[in-house]
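Colleague: Could you take a close look at the interface of the two chains and describe it in one connected account?

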There are 2 protein chains.
Amino acid sequence: QLPADVAEFEAALAHSLQTWTSAGHRLVWLDVPLARAALIPVAAAAGFFFHHSNESDVMMVRRLVDGAFIPTHATHFIGVGGVVLNERQELLVVCERHRRTSRPYYKLPGGALQPGEHLIDAVLREVLEETGVHVKFEALVCFRHWHGYRYGKSDIYFVCRLSPLSYDVTMQAEEIEECFWMPVAEYFESDLVSAFNKRIVRAALDSPGVIPEWIDGYADPARYEFFMPP
Amino acid sequence: QLPADVAEFEAALAHSLQTWTSAGHRLVWLDVPLARAALIPVAAAAGFFFHHSNESDVMMVRRLVDGAFIPTHATHFIGVGGVVLNERQELLVVCERHRRTSRPYYKLPGGALQPGEHLIDAVLREVLEETGVHVKFEALVCFRHWHGYRYGKSDIYFVCRLSPLSYDVTMQAEEIEECFWMPVAEYFESDLVSAFNKRIVRAALDSPGVIPEWIDGYADPARYEFFMPP
């Protein structure tokens, strides 16, 4: 219900700011659609600044009281990786096509969570997409917390232990250059595997991990998941 | 180095878009400072849309190739809570001042991560801020993943087991209405505690949890933390 006309918006905003200030409000939020981008300079001139945005709109905010608390926006990306070990003690490894080194580098299949996706759904999806292998979730093994990731935000990489439900590899050739079952003993010996990846796989072999559980009193499994010690 | 003049920007942008398209680029990123908000409607008219923003600038993006992949922005908030149990088997509990129910509701001290903050630093800070109690980190117990939190983003709530280094409570009266040491047996029996909170405390008592560890090959402990099975 924002006016399309810039002058009309400017007058209405000035009047509203007075009203809201008198009423004792502390913050004003203003959600400006991309199609109304002409209103953004007006809001900026009236003391609004950016808070967050989606593709099609930007949320602006203005304090009516000095020092009024403004909650931050989302701070983290979440990624998942899978330790998939078959009955022959072979580990499902991938080598990414786009990497910094010319030498191959063998890591675990995985990738980023999609918005609103559960960790378990994400790791099953990513392993299937990258390798063509269907897997079953067993446990969460460990995670890495990393600051200074993309756009200055942080990242958490969760590693899951998975068991294979199929064995044939159908590699996603766009992103992955190699994908195969590597004997896990060879993985621990390889120069082409990082110390972190070796430590992860060792933890997956040695530890029961943390498992999903449902908690009484939570109504919607689509919105919540819980990980508890076994 | 964006021009301040709208007409100048409009002409320069049109020319640059042709050049970049000819050069085979797939995406153009445009970081517009709040002080240059007048350029946003120009960019929007030229096919740019919003990607993300900080207080003082908004990042816009435009595809030069149909379907070019654009990575998403941060999707998650992260919060931490602490199970602080003293030698007398008393649990440090808080009741928030701003809550939906008139009845008290006893939960664990904790709060949101600040940008760039480690989980361990955050939980020590939050417990101290809310309760005045100094604590030592013992282990990570469990976590809850929750979609549909603030601004349509998701949230992960990590629960840590902590041991007290001090006992006197200095409650943060702005946010907290009550804070005290409650016998843990009473906590498990109380109607004023959620099933989730009881389950968390039970897990903290029964399980060794997941512990911090440093991984060889990672250079900067300020940027990374790792949690591994014990």
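Modeller: A salt bridge here is a side-chain nitrogen of Lys or Arg within 4 Å of a carboxyl oxygen of Asp or Glu, and the count between chain B and chain A is two. One of them joins A:Arg199 to B:Glu213, whose closest N and O atoms are 2.4 Å apart. This is a predicted model, in which local features need pLDDT of at least 70 and side-chain atom pairs count only at pLDDT 80 or more, while totals for chains, interfaces and linings use all residues. Residues are numbered from 1 along each chain as its sequence is written, chains are lettered from A in the order in which they are written, and side-chain values use heavy atoms, with hydrogens and water left out.

In contact (heavy atoms within 4.5 Å) are 68 residues of chain B and 68 residues of chain A. Between them the chains bury about 5,800 Å², 66% of it on carbon and sulfur atoms, where buried area is the accessible area (1.4 Å probe) that two parts lose on being put together, summed over both. In chain B, the residues that lose the most area to chain A are B:Phe50, B:Phe143 and B:Tyr151, together 13% of what that side buries.

B:Phe143 also stands opposite A:Phe227, within strand E7 of chain B; strands are DSSP runs of at least two residues, numbered from the N terminus. Strand E11 (residues 224-228) of chain A runs antiparallel to E7(B), and four bridges join them, strands being paired if DSSP finds at least two bridges between them.
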